Amino acid sequence: MRWLPGPSSGWAGRGLRVAAAVVAAALLFQALRGWVSSRRYEFEPEEIALLAKHHAGLDHELAFAKIIVELRRRHPGHILPDEDLRWVFVNAGGWMGSMCLLHASLSEYVLLFGSAVDTSGHSGRYWVDIYDTLISGTFWKWREGTTKREIYYPGDTTIHLSGEGTSVQWSAGTWMVEYGRGFIPSTLAFALADTIFSTQDFLTLFYTLQVYAKALLLEANTYFSSTSQ
């Protein structure tokens, strides 16, 4: 009689595939951590936080205008031109806000973010460290594993480390400057999931991908211009 595989062999095969997937994910994670740690960065978190803190308490539109001018002075060729700056809705984790992307690469981004209405939800988990410095409003954060919330006001900086998950809430009129460092494409799945599967706001999806592509092209152009000199 020909031998027939039993149920245990099927489970063993599935177990090997799961183990292989876990090992591959771990190797990918380690490779990305090594890539991120070896990168040369254009911006520093402290620089963005101090610049935003200097303008905290001003009307947010005036503060943003001053911050953009200063960032262009400090980092020529790395901030999108005015014609490419656009406020784009972000629906993610149950909350809704708006962002204006200033700079983005594969390993960094700088953007303006906030909401004109009260909103709350899940922060998301990323392979990115995120630094938010408030210009106006109030930011509540409830960290995983705790029973008390943290409260941040204009001038304060809150840090969301890679792998963390929190509950977040912003009061109406909360606006901030955000800097992210890590594997930036890893944020897109969370940032776009609600837009694709819930709101189905495909125009916002287009605007988001378009401005990110423009930022990447700007970085590529600046890089090749500097290396050709």
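User: Which residues have the most contacts inside the largest nonpolar core?

Analyst: A nonpolar core is a set of buried nonpolar residues joined through side-chain atoms within 4.5 Å. In this predicted model, the largest such core has 24 residues, and Trp95, Leu101, Tyr109, Phe113, Phe139 and Trp170 have the most contacts inside it. The elements that give two or more residues to this core are β1 (87-92), β2, β3, β5 (128-136), β9 (166-170) and α5 (202-227). There is also a second, separate core of 20 residues, which includes Phe43, Phe64, Tyr131 and Val177.

User: Is strand β3 enclosed or open, and why?

Analyst: Burial is read from the relative accessible area, with under 20% counting as buried. Strand β3 (residues 108-115) is largely enclosed by the rest of the structure, because eight of its eight residues are buried. Both faces share in this: Glu108, Val110, Leu112 and Gly114 point one way, Tyr109, Leu111, Phe113 and Ser115 point the other way, and all are buried.

User: Which strands pair with β3, and in what sense?

Analyst: Pairing is read from the bridges between strands. Strand β2 (residues 95-104) pairs with β3 in the antiparallel sense over six bridges, and Met99 stands opposite Phe113 of β3. These two strands, β2 and β3, form a hairpin with three residues between them. Strand β10 (residues 174-182) also runs antiparallel to β3, joined by eight bridges; there, Gly180 is the bridge partner of Tyr109.

User: What is Tyr109 in contact with, beyond its neighbours within four places in sequence?

Analyst: The contacts of Tyr109 are Leu101, His103, Ala104, Ile130, Glu178, Tyr179, Gly180 and Ile184. Tyr109 is also among the residues with the most contacts inside the largest nonpolar core.

User: How many cavities of 30 Å³ or more are there, and what lines the largest cavity?

Analyst: Rolling a probe the size of a water molecule over the atoms shows where empty space is left. In this case the count comes to one cavity of 30 Å³ or more, and about 580 Å³ of space lies in the largest cavity. Its lining holds 34 residues, of which Tyr109, Leu111, Tyr126, Glu178 and Ala191 lie nearest the centre.

User: Which element gives the most to that lining, and how do the lining residues divide by type?

Analyst: Helix α4 (residues 188-199) gives the most, with five residues. By type, the lining of the largest cavity divides into 23 nonpolar, eight polar and three charged residues.

Terms used: Residues numbered from 1 in each chain as written. Predicted model: local features only at pLDDT ≥ 70, side-chain atom pairs only at ≥ 80, totals over all residues. Heavy atoms only, no water. 1 Å grid on protein atoms, 1.4 Å probe; cavity = no way out; pocket = protein on both sides within 12 Å on 5 of 7 lines; lining within 4 Å. Points joined across faces, edges and corners; volume = space filled by probe spheres on them. Helix = DSSP H or I, 4+ residues; strand = E, 2+ residues; numbered from the N terminus. Nonpolar A, V, L, I, M, F, W, Y, C, P; charged D, E, K, R; others polar. Buried < 20%, exposed > 50% of the residue type's maximum accessible area, 1.4 Å probe, protein only. Contact = heavy atoms within 4.5 Å.
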